[in-house]
Amino acid sequence: MHYHPRPAWAIPEHEATPESVFFNRRAFLKGSLGAAAGGVVGVGSTLTATAEAADKEAPKDQTLDMYPAKRNPAFTLDRPLTNAEEAAKFNNFYEFGPVKTISLLAQRLNTRPWTVKVHGLVNKPKTFDIDDLIRSMPLEERLYRF
């Protein structure tokens with residue numbers, strides 16, 4: 001028998017959400033879905049205008065010459081690859097929206113200018129530009145089967 005002691009900060013599950021909220025969750029979800037559906041109509045035109053303006057101002061990708069990356073032969077598959085156009089349209093990352101077929105909106109994400117700042121308890125604080133960061137590492141393509 002395994003014993004897993006509860007951490008000191010843990011609270012009983014029944015204290016995490018008040019019963020009034022729990023029992024009204026369907027009303028909450030219905031209201032949230034209505035607000036989200038109404039917001040999508042209004043947000044679409046805003047996203048389009050913002051994306052178009054950003055496309056005009058965004059610097060070009062300085063790493064395009066690095067692609068396609070060399071394929072690592074240690075990672076081979078026992079079946080044919082999925083068609084690239086089909087795979088590119090499928091999304092399990094919901095940062096761009098709540099549906100898997102959101103590839104058009106995901107393409108509007110501007111990654112330039114973009115920087116990573118390393119600071120705090122480090123010996124040499126530094127800010128990296130995305131293109132410098134990509135160029136500082138070797139790129140390779142690996143094929144995985146899930």
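The points that follow take up salt bridges, a threonine beside them, an aromatic pair and one further loop position.

1. The model is a predicted one, and every value in this note should be read with that in mind. A search of the whole structure finds 6 salt bridges, and the next points discuss some of them, with attention to where the partners sit in the chain and how accessible they are.

2. Arg-112 and Asp-61 form a salt bridge in which the closest N and O atoms are 2.9 Å apart. The two residues come from distant parts of the chain, 51 residues apart, with Arg-112 in the loop between α4 (103–106) and β1 (115–118) and Asp-61 in the loop between α2 (25–57) and α3 (84–88). Arg-112 counts as buried because its relative accessibility is 11%, under the 20% limit, whereas Asp-61, at 26% relative accessibility, counts as partly exposed.

3. Where does Thr-63 lie, and is Thr-63 buried or exposed? Thr-63 is placed in the loop between α2 and α3, and with a relative accessible area of 0% this residue is buried. The side chain of Thr-63 is joined to that of Asp-61 by a polar contact of 2.6 Å. When residues up to four places away in sequence are not counted, Thr-63 touches Arg-112, Asp-131, Ile-134 and Arg-135.

4. The side chains of Glu-140 and Arg-142 meet in a salt bridge of 2.4 Å, taken from N to O. Glu-140 is partly exposed, at a relative accessible area of 39%, and Arg-142 is likewise partly exposed, at 41%.

5. As for aromatic side chains, the count comes to 1 aromatic pair. The pair is made by Phe-75 and Tyr-144, with 5.4 Å from centre to centre and 55° between the planes, and its geometry is tilted. Phe-75 lies in the loop between α2 and α3 and Tyr-144 in the segment after α5, so the pair ties together parts that are 69 residues apart in sequence. Phe-75 is partly exposed, with a relative accessible area of 22%, and Tyr-144 counts as partly exposed at 45% relative accessibility.

6. A last point concerns Thr-101, which is found in the loop between α3 and α4. With a relative accessible area of 68%, Thr-101 is exposed, in contrast to Thr-63, which is buried at 0%. Thr-101 and Ala-88 are 13 residues apart in sequence, and their C-alpha atoms are 9.5 Å apart in space.

How values were computed. Residues numbered from 1 in each chain as written. Predicted model: local features only at pLDDT ≥ 70, side-chain atom pairs only at ≥ 80, totals over all residues. Heavy atoms only, no water. Salt bridge = Lys/Arg side-chain N within 4 Å of Asp/Glu carboxyl O. Helix = DSSP H or I, 4+ residues; strand = E, 2+ residues; numbered from the N terminus. Buried < 20%, exposed > 50% of the residue type's maximum accessible area, 1.4 Å probe, protein only. Polar contact = N/O pair within 3.5 Å; in protein donor to acceptor, adjacent residues only side chain to side chain. Contact = heavy atoms within 4.5 Å. Phe/Tyr/Trp six-rings, centres within 6.5 Å; stacked < 30°, edge-to-face > 60°.
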